[in-house]
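Visitor: Hi! Could you walk me through this one?
Guide: Happy to, let's bring it up.

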Amino acid sequence: MRSTYFKRFRMDADLTAARTLRPLQAGYRFVAWNEALVDIHARTKYRSFCGEIDALVFPCLGEQEGCRRLMREIRNKPGFLPAATWLIVRNDVFGELEWCGTIQGVIDRFGVGSIQNIGIVPGQRGLGLGTSLIERALAGFRGHGLRRATLEVTADNSRAVRLYQRLGFRKAKTVYKVVDHPAAAEASRAAEPLAAEPACI
Ligand SMILES: CC(C)(COP(=O)(O)OP(=O)(O)OC[C@H]1O[C@@H](n2cnc3c(N)ncnc32)[C@H](O)[C@@H]1OP(=O)(O)O)[C@@H](O)C(=O)NCCC(=O)NCCS
């Protein structure tokens with residue numbers, strides 16, 4: 001099977017600079033982490049990533065069971081940080097809960113706040129929810145005294161790259177993720193094989 005190489009940026013942000021936490025628009029609210037929410041995070045992650053480029057880069061993101069597994073892995077990491085792990089929910093027109101977005105944060109082995117996956121479900125994009133979730137996670141890192149935050153993003157995910165740049169993230173390194181997956185091979189323009197493969201999450 002042919003391998004496909006996805007270009008990714010590692011991006012860093014300074015957490016010591018002043019930042020504002022904008023309130024969510026009316027009808028939406030943040031939900032803090034608790035253990036009972038692990039499957040809600042997984043389901044919201046799946047709905048956010050299914051059919052997106054990152055589901056080619058990390059096939060687990062395009063499968064419900066994969067998202068469940070991934071969410072448990074994140075939760076069990078030694079540096080898992082509940083204060084940087086949030087959901088956004090709203091009540092739909094029938095009064096039912098609609099889970100709109102998810103983010104998780106961990107403290108890595110260098111003491112840097114690492115954003116794992118951020119996802120907003122398709123019908124809720126472009127409303128500022130992604131911005132709000134990242135700001136909230138960064139506030140969680142700052143509250144733990146961290147001075148830097150980091151994340152990785154697929155270079156072709158220009159919407160996400162713009163969002164991170166607007167929030168003060170700067171490209172620090174280019175890495176390539178190798179994927180042996182037929183769908184990835186079809187869908188991707190193969191980039192040159194170069195540097196080390198980053199972790200899946
Ligand atoms: C990337 C992603 C998280 C962005 O979430 P989002 O909620 O749409 O992000 P925001 O609404 O905060 O910002 C997106 C755009 O909406 C605009 N926007 C922000 N607030 C707005 C508002 N109140 N009204 C209208 N537009 C608004 C922003 O200016 C931004 O515009 P741009 O795309 O031209 O830069 C979302 O598209 C997603 O989940 N994608 C699939 C999963 C994914 O790729 N995750 C990232 C992995 S690295």
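**Core, sheet and ligand shell**

Guide: The largest nonpolar core has 43 residues, and those with the most contacts inside it are Ile103, Ile115, Leu133, Ile134 and Ala137. A nonpolar core here is a set of buried Ala, Val, Leu, Ile, Met, Phe, Trp, Tyr and Cys residues joined through C-beta atoms within 7 Å. Buried means that 20 or more other C-beta atoms lie within 10 Å of a residue's own, with C-beta atoms placed from the backbone. This is a predicted model: local features need pLDDT of at least 70, side-chain atom pairs count only at pLDDT 80 or more, and totals for chains, interfaces and linings use all residues. Residues are numbered from 1 along each chain as its sequence is written.

Visitor: How many residues of β5 are buried?
Guide: 8 of its 8, so to speak a mostly covered strand by the definition of burial.

Visitor: What's the strand order in the sheet?
Guide: The sheet is open, has 7 strands and mixed pairing, and runs β2-β3-β4-β5-β6-β1-β7. Its edge strands are β2 (28-32) and β7 (170-179), each pairing on one side only. Strands pair if DSSP finds at least two bridges between them.

Visitor: How do β4 and β5 run?
Guide: Antiparallel, with 6 bridges joining β4 (residues 97-107) to β5 (residues 113-120). Ile107 stands opposite Gly113, and Thr102 stands opposite Gly119. The two strands form a hairpin with 5 residues between them, and Gly111 in the turn has a positive phi of about 80°.

Visitor: What about β5 and β6, parallel or antiparallel?
Guide: Parallel, over 2 bridges. Ser114 has Thr150 in β6 as its bridge partner.

Visitor: Switching to the ligand: which residues come nearest?
Guide: Of the 20 residues around the ligand, Ile120, Arg125, Gly128, Gly130 and Thr131. Being near means having a C-beta atom, placed from the backbone, within 6 Å.

Visitor: Which elements give two or more residues to that shell?
Guide: α1, β5, α4 and α5 (158-166) do, and α5 gives the most, with 4 residues.

Definitions and conventions:
Buried ≥ 20, exposed ≤ 12 C-beta atoms within 10 Å, placed from the backbone.
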